[in-house]
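Please examine the sequence and the three-dimensional structure shown here before reading the report.

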Amino acid sequence: MNDPPLLDVLNGKKVLRRPVWFMRQAGRYLPEYREVRARAGSFLNLCYAPDLAAEVTLQPLARFDLDAAILFADILVVPQAMGLGLAFEEGEGPVVEKISGLERVGALRPLDEAKEVGLICETVKAAKERLAANVALIGFCGAPWTVASYMIGGGGESGREVARAVAAEGPPWFDLLMERLIDASVTYLVRQIDAGVDVVQIFDSWAGDLPGYLQEKIIALPIGRIVKGLRDQRPGIPVIVFARGAGAGHRRIGEATKAECLGVETSMPLDWARDQLAGSHVIQGNLDPLLVECGGDALTRGIEQVAAALPRDRHIFNLGHGMRPGTPPEHVDLVIKHLRKLDG
Ligand code: CP3
């Protein structure tokens, strides 16, 4: 049986087709997403309605020649499943109930029995059943630091600064929170794998908030422990680590986590990634999402520059961050078609 090209690349095999998918490929830029979200009533209702969430997971595949679907959910489902309040306010982004102190962190619920996790695994099963055999299904979680940043600061710019100050000070409750999130992430990803995901991505979206000297302690080692936990329990499932904004730190993160693939942000020069990372890791990224929104010659040049920088069997074509809500869907189609033409 032929594996999806995305899995072939992650497993070190040669491919004829460079795999491509996009972070936030399901979302507000698609009118059919806006329609289902309106039917669900709210973003969180949509996350916890397996039939609708599976439909939204598959929407981009119906339009575009993509190599992967990504589970439709959110990284902040985990703090909610651990017992914290969560709200998505229209136009404001997420608001998480803040936590601090040993007592409250110690009282967070483990994930094993959480109903939220059960519902998301139903989405995985429903999406997997309807997905073509040559398309990979990606599961995900937030990395401990990014999720902790929301749990400590509550969300927003100023919340991120509060979390950064706590991380630098390093009180015992912060270390305990990181421990709890490592355990929760392993539990959550194992459940997703058992429900049918083929690959997992760990999103450390706020990695770039930390000073370089803390990257090892707060990014590389915790993610490394999640990867080891998965390898021990479910060997053979490839891992993509996206430590956005880690810069030269991606090298240490790659070495410490032993993930198969490193996602890199838009600001990462791909010749550096090729020389420093691609010998040991597949590289994912890093077309500027703004170019996909704008289109035109700058987009064409952007696609060509990204594709030329890396060989197709060491690369997963993607954006350097999520798709912007104002992106015209035709531009997304154009990116894939142009890439296929370049790769012959
Ligand atoms: O298509 C996909 O990529 C799968 C679904 C997915 C969502 N969120 C859906 C979503 C994934 C993988 C995520 C991960 C996520 N969530 C991250 C890591 C990736 C990143 O973007 O850095 C983070 C930091 C979050 C937290 C989060 N969720 C924020 C900051 C926001 C608000 C920002 C925004 O775009 O509005 C969300 C909401 C969210 N998550 C939306 C979607 C489609 C928009 C909600 C809506 O429909 O209004």
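The report below takes up the sheet, the helices and the cysteines in turn.

## Basis of the description

This is a predicted model, in which local features need pLDDT of at least 70 and side-chain atom pairs count only at pLDDT 80 or more, while totals for chains, interfaces and linings use all residues. Residues are numbered from 1 along each chain as its sequence is written, and side-chain values use heavy atoms, with hydrogens and water left out.

## The parallel sheet

An open sheet is formed by 7 strands in the order β1-β4-β5-β6-β7-β8-β9, with parallel pairing. Its edge strands, each of which pairs on one side only, are β1 (68-70) and β9 (315-319). On average, and with direction ignored, neighbouring strands of this sheet are turned by 25 degrees against each other. Strands (E, at least two residues) and helices (H or I, at least four) are DSSP runs numbered from the N terminus, and two strands pair if DSSP finds at least two bridges between them.

Strand β4 (residues 136-142) runs parallel to strand β5 (residues 199-204) and is joined to it by 5 bridges; the bridge partner of I138 in β5 is V199. Strand β8 (residues 282-287) likewise pairs with β9 in the parallel sense, over 5 bridges, and here I283 has H315 of β9 as its bridge partner.

## Helix packing

Helix α10 (residues 172-195) packs against helix α11 (residues 215-233) at an angle of about 35 degrees, and their axes are 9 Å apart. In this arrangement α10 passes α11 in a right-handed crossing, a term used where the near helix is turned clockwise from the far one by less than a right angle, left-handed being the anticlockwise case. The contact (heavy atoms within 4.5 Å) includes F174, M178, I182 and L189 of α10, and K217, P222, I226 and L230 are among the residues contributed by α11. The residues of this contact divide into 11 nonpolar, 3 polar and 4 charged, where Ala, Val, Leu, Ile, Met, Phe, Trp, Tyr, Cys and Pro count as nonpolar, Asp, Glu, Lys and Arg as charged, and the others, Gly among them, as polar.

Helix α12 (residues 250-257) lies across β6 (239-243) and β7 (261-263), and runs at about 150 degrees to β6. Axes are lines fitted to C-alpha atoms, for helices over the stretch in contact, and angles run from 0 to 180 degrees between N-to-C directions. Helix α8 (residues 144-153) is mostly covered, with 10 of its 10 residues buried, among them W145, Y150 and M151. Just after α8, G154 takes a positive phi of about 85 degrees.

## Buried helix residues and their contacts

Which residues does Q192 touch, not counting those up to four places away in sequence? Q192, which lies in helix α10 and counts as buried at 0% relative accessibility, touches L71, C121, V124, G139, F140 and V197. A195 also lies in α10 and is buried at a relative accessible area of 11%; leaving aside its neighbours within four places in sequence, A195 is in contact with C121, V124 and K125. A195 and G118 are 77 residues apart in sequence, but their C-alpha atoms are 9.7 Å apart in space.

L58 is found in helix α4 (residues 50-63) and is buried, with a relative accessible area of 11%. Beyond its neighbours within four places in sequence, L58 is in contact with A127, R130 and L131, and its C-alpha atom is separated by 8.4 Å from that of I70, 12 residues apart along the chain.

## Cysteines

A search of the whole structure finds 0 disulfides (pairs of cysteine sulfur atoms within 2.5 Å). C121 is in no disulfide, and the nearest cysteine sulfur, that of C141, is 12 Å away; C121 counts as buried at 5% relative accessibility. The sulfur of C261 is too far for a bond because the closest cysteine sulfur, in C141, is 15 Å away, and C261 counts as buried at 0% relative accessibility.

How values were computed: Buried means under 20% relative accessible area, exposed over 50%, partly exposed in between (1.4 Å probe, protein chains only).
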